[in-house]
Amino acid sequence: MSDPDFVTVGRTSDLAPGEMTYVDVHNTPVCLINLDGTYYAVNDTCTHADASLSDGTIEGDILECPLHGGCFDIRTGAPAAMPVVTPIETYRVRVQGDVVQVALVEP
Ligand code: FES
């Protein structure tokens, strides 16, 4: 099986634990999250309506949408609080040295 198409989105020093940021991966909006030193990537557009999740907040391992307060499990993308009922897409992340890369495939 060939390697998925990893795209460099930044360096580990760009994102402290507990922080997240918007990145673009092949024109797909992605929210990159540093959760206690482990990186996760989810689609940046909330599945409830058109809100950017990277403008939201992190509470533990939960990502809260800024628009209506819906929540997702950062690790799995599963809905964690209403009004969200549809999971968010999650993507594969790898760290090569100090470079953070995302591929638009399931982790
Ligand atoms: S747009 Fe995210 S909860 Fe409504």
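A strand pair and the core beside it

Modeller: Gladly! S3 and S4 pair in the antiparallel sense over six bridges; strands are DSSP runs of E, at least two residues, numbered from the N terminus, and two of them pair if DSSP finds at least two bridges between them. This is a predicted model, in which local features need pLDDT of at least 70 and side-chain atom pairs pLDDT 80 or more, while totals for chains, interfaces and linings use all residues. Residues are numbered from 1 along each chain as its sequence is written, and side-chain values use heavy atoms, without hydrogens or water.

Within the pair, leucine 32 sits opposite alanine 41 of S4. Both strands belong to an open, antiparallel sheet of six, ordered S1-S10-S9-S4-S3-S2. Its edges are S1 (7-11) and S2 (20-25), each pairing on one side only. From one strand to the next, the twist averages 30°, an angle between N-to-C directions of axes fitted to C-alpha atoms, on a scale from 0 to 180 degrees.

Now to the core. The largest nonpolar core holds 16 residues, and Ile33, Cys46 and Leu63 are among those with the most contacts inside it. Such a core is a set of buried Ala, Val, Leu, Ile, Met, Phe, Trp, Tyr and Cys residues joined through side-chain atoms within 4.5 Å; buried means under 20% relative accessible area with a 1.4 Å probe, protein chains only. S3 (28-35) and S4 (38-43) each supply at least two of its residues, and S3 gives the largest share, three.

Leucine 63 touches, among others, Cys31, Ile33, Val42 and Phe72, leaving aside residues up to four places away in sequence; contact means heavy atoms within 4.5 Å. A second, separate core of 12 residues includes Val9, Leu15, Val23 and Val100.

Note on methods
Buried means under 20% relative accessible area, exposed over 50%, partly exposed in between (1.4 Å probe, protein chains only). Helices (H or I, at least four residues) and strands (E, at least two) are DSSP runs, numbered from the N terminus.
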